Amino acid sequence: MKTSSSEKVENFIHEHLHEDLRVYEAQLKELNAEILEYVQLKAMIESILQNKANGEGFKTQVNIGGNMFMKARADNVDRILVDVGLKVFVEFTIEEALRFVDLRVRVLTKQADVVRDKSIETKAHIKLALLVIGDSQRLHTRDDR
């Protein structure tokens, strides 16, 4: 039994292009989640800077496990620990942390843009392949008449 060219294209779409698209979407979801974490960290750092300028300490709630929170206060917020990746924490001054977070958000945004472009390109390949299949089926239908 011989496989037609449209069946080969359909198999290629389902086995390769849809899988690539799924991978790109998962990568994009991870990158966006990481960007969101850094944006939230930036907001917290800016809040710390504002409180520091007012001569106040920093008040927050800390998750102590099981989504149970405890009020916490830090009088000295000159330095903070930031997760720089792979669960490695680096001690930064508040200003250094803010610069690091800004840089990290820019880098992650560029990575997300690249993955988004690949996803768009893959979607275009899928649409093109489906158009080719549709055109070839219409040609075969006309030839059969």
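Analyst: A residue is called buried when its relative accessible area is under 20%, exposed when over 50%, and partly exposed in between, with a 1.4 Å probe and protein chains only. The model is predicted, so local features need pLDDT of at least 70 and side-chain atom pairs count only at pLDDT 80 or more, while totals for chains, interfaces and linings use all residues. Residues are numbered from 1 along each chain as its sequence is written, and side-chain values use heavy atoms, leaving out hydrogens and water.

User: Is Thr 122 buried or exposed, and why?

Analyst: Thr 122 counts as buried because its relative accessibility is 6%.

User: Where is Thr 122 placed, and which residues does Thr 122 touch, not counting residues up to four places away in sequence?

Analyst: Helices are DSSP runs of H or I with at least four residues, strands are runs of E with at least two, and both are numbered from the N terminus. Thr 122 belongs to helix 2 (residues 94–144). Contact means heavy atoms within 4.5 Å. Leaving aside residues up to four places away in sequence, Thr 122 touches Leu 17, Asp 20, Leu 21 and Tyr 24.

User: What is the state of Glu 96 under the accessibility rule?

Analyst: Glu 96 is also placed in helix 2. Its relative accessibility is 31%, so Glu 96 counts as partly exposed.

User: How is a pair of aromatic rings described?

Analyst: The distance of the centres and the angle of the planes describe such a pair. Rings of Phe, Tyr and Trp (its six-membered ring) pair if their centres lie within 6.5 Å; planes under 30 degrees apart count as stacked, over 60 as edge-to-face and the rest as tilted.

User: How many aromatic pairs does the rule give here?

Analyst: The count is 2 aromatic pairs. Tyr 38 and Phe 100 form an edge-to-face pair, 6.2 Å from centre to centre and with 70° between the planes. This pair links distant parts of the chain, Tyr 38 in helix 1 (residues 5–53) and Phe 100 in helix 2, 62 residues apart. Phe 92 and Phe 100 are stacked, because their ring centres are 5.3 Å apart and their planes lie at 25°. Tyr 38, Phe 92 and Phe 100 form one aromatic cluster.

User: Are Phe 92 and Phe 100 buried or exposed?

Analyst: Phe 92 is buried, since its relative accessible area is 14%. Phe 100 is buried as well, at 18%.
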